[in-house]
There are 2 protein chains.
Amino acid sequence: MTPEEFREYGHRVVDFIADYRRDVERRGVLAATRPGEVKAMLPAEPPDEPEPFDAILADLERVVMPGITHWQHPRFFGYFPSNGSLASVLGDYVSTGLGVIGLAWQSSPALTEVEEVATDWMRRMVGLSDAWSGVIQDTASTSTLIALICARERSTGFAAARGGLQGEDRPLAVYTSAHAHSSVEKAALLAGFGRAHVRVVPHDDAFAMRADSLAAMVEEDAARGVRPCAVVATTGTTATTALDPVAAIAEVAGRHGLWLHVDAAMAGSAMILPECRWMWAGIEGADSLVLNPHKWLGAAFDASLYYVRDPEHLVRVMSTNPSYLRTAADAEVKNLRDWGIPLGRRFRALKLWFLVREQGVRALQARLRRDLANAAWLADEVRRAPDWRLLAPVPLQTLCVRHEPAGLAGEALDRHTLGWVDRINRSGEAYLTPALLEGRWMARVSVGAERTERRHVEEMWGIMRDSALGIRDSALGGAVEGPSAESR
Amino acid sequence: MTPEEFREYGHRVVDFIADYRRDVERRGVLAATRPGEVKAMLPAEPPDEPEPFDAILADLERVVMPGITHWQHPRFFGYFPSNGSLASVLGDYVSTGLGVIGLAWQSSPALTEVEEVATDWMRRMVGLSDAWSGVIQDTASTSTLIALICARERSTGFAAARGGLQGEDRPLAVYTSAHAHSSVEKAALLAGFGRAHVRVVPHDDAFAMRADSLAAMVEEDAARGVRPCAVVATTGTTATTALDPVAAIAEVAGRHGLWLHVDAAMAGSAMILPECRWMWAGIEGADSLVLNPHKWLGAAFDASLYYVRDPEHLVRVMSTNPSYLRTAADAEVKNLRDWGIPLGRRFRALKLWFLVREQGVRALQARLRRDLANAAWLADEVRRAPDWRLLAPVPLQTLCVRHEPAGLAGEALDRHTLGWVDRINRSGEAYLTPALLEGRWMARVSVGAERTERRHVEEMWGIMRDSALGIRDSALGGAVEGPSAESR
């Protein structure tokens with residue numbers, strides 16, 4: 001493709017996305033595709049000869065779009081918000097178009113230095129002290145893996161340079177709560193700790209880790225020859241946005257030499273609101289933390305921010321220095337390849353830098369406050385409604401709810417919950433993802449898509465009530481079109 | 001930013017990239033920025049109020065562009081080619097614009113199924129049997145880390161589910177060559193093996209691993225109670241594109257139960273040429289392999305393909321199954337979160353799918369053959385030129401060269417080599433990255449940027465000779481503009 005063809009087709013792609021974003025509300029949220037249906041529309045063999053770009057764009061509509069679940073839809077209430085704000089999208093377009101790689105500072109100095117500036121802006125925005133240094137990783141799963149490897153190496157005095165975990169006498173243990181994200185256990189397993197050395201610390205009624213239980217477990221382990229290595233606390237757990245008590249956990253961690261990693265992947269964005277910072281009070285006592293501007297804040301996926309208090313330790317754990325990567329500037333600059341797992345990196349900072357500049361901090365704060373108010377409004381509605389129950393506190397934008405009609409309990413209640421959620425999802429009118437809480441299914445309503453205004457939350461509440469009561473004609477009537485609507 | 005503003009500014013961004021790609025040859029290849037210069041142009045504090053998008057685009061020119069090293073430049077001969085072909089760039093634009101996340105098949109079915117199709121197209125293109133299943137990772141560093149973790153778990157019968165590496169009696173060892181990429185040792189260290197258990201297998205005169213030495217080391221280790229776990233072979237090493245003998249290594253691996261991972265990150269693209277496939281003969285005996293279409297082939301970074309013969313093993317090592325990620329479709333579909341480290345994934349397949357369709361396999365083959373011929377032409381020139389020496393075979397597109405005038409040796413020769421390479425890089429006319437070979441610096445000339453035609457290679461050869469002889473007026477005269485040129 002020549003630059004002039006790129007200009008022509010690039011405008012078409014931009015128009016396609018502009019139209020998509022403008023009209024996304026008219027689509028069914030969840031793809032109605034059946035497994036294998038997309039694949040079946042595509043040839044098994046790659047084409048020998050070039051295809052016209054028009055044919056590719058036509059297949060985008062014909063093959064791809066029916067198989068898309070619309071995360072940017074204003075009635076997307078599933079998982080967590082993943083807002084790709086349009087200014088951020090353009091930052092990413094510049095990055096991909098320039099096609100430069102951050103192997104070393106010299107391999108594109110602006111890539112490294114804008115990343116330093118953008119991560120430092122975010123540090124200030126969330127109220128962290130200047131003792132923290134940030135770097136962009138792909139996702140929180142990776143950030144947490146890096147944290148646990150760094151913890152492992154601190155506890156062992158850099159066993160990686162010797163026999164690794166294979167040369168240690170006393171096993172290292174990692175502590176977290178049953179409400180921590182699945183990526184925490186995964187990281188511990190990938191880092192070689194073994195499931196036998198992952199301790200699940202009990203939680204309180206609000207699903208927050210109990211610091212007193214942590215202290216007791218750590219002391220018990222230490223007494224029997226296990227070395228407490230790391231604790232992962234969560235600010236805003238996945239299922240219920242529970243808030244582990246960071247200050248109390250940091251106190252235990254400090255006393256026993258544990259690495260404290262704080263997973264604020266979801267709730268970290270809310271820390272741009274001073275009124276929310278109590279949620280991670282004590283954060284300055286942590287060794288590392290992760291927050292994902294690619295969730296609620298609006299940076300196009302993927303942009304996970306990993307902050308550490310001791311960047312030299314991180315670099316020592318992650319660095320390699322082969323001759324083919326050395327440059328004359330190495331002594332004076334950061335080489336971000338030594339701050340994570342991949343060697344090469346995209347110019348990811350642009351999408352964050354564009355977002356913050358185009359929006360400004362106040363507008364970002366206003367949007368998050370809008371979402372908190374919408375969630376609070378819905379929480380009030382649920383509290384007041386007969387047979388509906390809020391199952392967890394709502395400090396942020398996620399509600400855990402159940403419709404509990406008289407006489408329904410146990411597995412029958414589970415069937416009812418999964419049934420009404422599934423009816424909503426299949427209708428295409430809205431999307432939400434259920435989860436287990438204390439062994440029973442609940443509905444999670446995660447408010448915070450960029451396009452979600454109060455009216456969408458009101459509509460959602462109507463849809464929920466209608467679906468739970470088995471009323472098929474929804475509040476929206478025929479407003480939804482597209483393939484998903486056919487399945488109603 | 002509204003969809004209509006996105007349409008307007010999106011067209012401007014597309015035009016910016018179209019102009020950039022059209023005119024990139026007129027820029028100095030290496031950024032002339034000094035450390036800290038970009039950062040110093042940016043405010044330390046994020047803006048409270050929104051900035052006009054025009055101001056952001058103006059800063060792109062003023063702040064960012066002078067700090068860019070131009071990987072898409074036709075005289076970029078550094079590191080390795082990282083071609084972001086423009087059709088692939090548009091595939092990525094669609095991905096970012098749609099803003100969908102592959103947490104599960106259901107969270108956007110087309111994301112998973114197009115990835116299955118695109119990775120299977122690539123499998124066919126490089127001549128692998130249908131015993132292989134592919135998935136897109138970010139980079140080869142990550143793919144190799146995953147491979148070594150999978151090897152670890154196979155050797156220990158899933159110790160991760162028990163005590164991890166902390167519960168094993170006899171240590172596991174990993175084998176590779178001194179010419180393997182730095183990411184191999186890094187992966188072994190991150191996976192917990194420890195440097196003491198990374199064995200460096202000797203290489204032959206062509207810098208390829210010696211399979212007989214591997215066999216001897218494995219047997220010696222086994223005899224003294226160390227468990228041989230994995231061997232990483234390379235098809236196309238970073239410094240010299242050496243070719244480890246995959247068939248012979250696979251034979252040793254098979255005999256001793258080692259996991260064989262083949263790093264074909266760079267050379268894997270060449271396997272779309274049937275005449276190159278002898279280079280990894282025996283590949284069907286490997287357990288996993290990585291190849292990076294984001295290097296030579298033209299997929300926009302990042303798109304690293306990881307292929308395995310036993311996807312069930314990969315899924316067992318990588319899977320998590322929290323309730324909030326379960327869907328009704330799980331039994332019938334692939335959930336790609338269980339195929340790697342991150343939970344979320346971009347719709348990366350689009351950039352590969354667009355590339356292969358817009359180009360067609362034959363055009364991709366023709367471009368790679370062009371580059372091989374250009375490298376062979378330059379190799380002939382170097383061989384014929386007095387005082388110039390080729391230091392390694394040239395099976396692919398990378399030349400290892402030295403200018404060795406009579407009387408220069410040892411450190412004086414190193415100074416000469418680094419001197420003429422640095423003069424070229426600082427001139428902005430071309431870019432190449434030196435490396436150590438057997439303890440002495442050499443120049444690597446990596447041919448294969450998409451825009452590099454024969455004339456650019458001819459120009460490069462003129463620049464090299466002029467620079468080595470200390471002639472300042474280059475073959476290009478005043479053709480290069482921009483900040484880099486000022487430093488000449």
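**Strands, pocket and symmetry**

Reply: In strand β4 of chain B, B:Val174 has B:Ala230 as its bridge partner. This is a predicted model, in which local features need pLDDT of at least 70, side-chain atom pairs count only at pLDDT 80 or more, and totals for chains, interfaces and linings use all residues. Residues are numbered from 1 along each chain as its sequence is written, chains are lettered from A and ligands numbered from 1 in the order in which they are written, and side-chain values use heavy atoms, with hydrogens and water left out.

Me: In what sense do β2(B) and β4 of chain B pair, and over how many bridges?
Reply: They pair in the parallel sense over 4 bridges, β4 covering residues 227-234. Two strands pair if DSSP finds at least two bridges between them, and the elements are DSSP runs numbered from the N terminus, with helices (H or I) of at least four residues and strands (E) of at least two.

Me: What is the strand order of the open sheet in chain B?
Reply: The 7 strands run in the order β1-β7-β6-β5-β4-β2-β3, with mixed pairing. β1 (133-137) and β3 of chain B stand at the edges with a single partner strand each, so one side of each has no neighbour in the sheet.

Me: And what about the sheet in chain A?
Reply: Chain A has an open sheet of 7 strands in the order β1-β7-β6-β5-β4-β2-β3, again with mixed pairing. Its edge strands are β1 (133-137) and β3 (198-201), each pairing on one side only. Neighbouring strands of this sheet are turned by 20° against each other on average, direction ignored, where axes are lines fitted to C-alpha atoms (for helices over the stretch in contact) and angles run from 0 to 180 degrees between N-to-C directions.

Me: Which helix packs on that sheet?
Reply: Helix α9 (residues 246-256) of chain A does, touching β4 (227-234) and β5 (259-263) of chain A, and its direction makes about 160° with that of β5(A); contact means heavy atoms within 4.5 Å.

Me: How does β1(A) pair with β7 of chain A?
Reply: β1(A) and β7 (residues 304-308) pair in the antiparallel sense over 5 bridges, and in β7(A) the bridge partner of A:Gln137 is A:Ser304.

Me: New topic: what rotation superposes chain A on chain B?
Reply: A rotation of 180° does, with 0.0 Å of shift along its axis and an RMSD of 0.0 Å. The two copies are thus related as by a two-fold rotation axis; the superposition is by least squares on the C-alpha atoms of residues with pLDDT of at least 70 in both.

Me: What is the volume of the largest pocket?
Reply: The volume is about 750 Å³. On a 1 Å grid over the protein atoms alone, a pocket is an open set of points where a 1.4 Å probe fits, with protein on both sides within 12 Å along at least five of seven lines, and lining residues have an atom within 4 Å of a point.

Me: Which residues are closest to its centre?
Reply: Of the 34 lining residues, the closest to the centre of the largest pocket are A:Asn321, A:Pro322, B:Ala178, B:Ser182 and B:Glu185. α7(B) gives the most to this lining, with 6 residues.

Me: Which peptide bond is cis in chain A?
Reply: The one from A:Phe301 to A:Asp302, with omega near 10°. A:Asp302 lies in the loop between β6 (288-291) and β7 of chain A.

Note on methods
Grid points are joined across faces, edges and corners, and a volume is the space filled by probe spheres set on the points.
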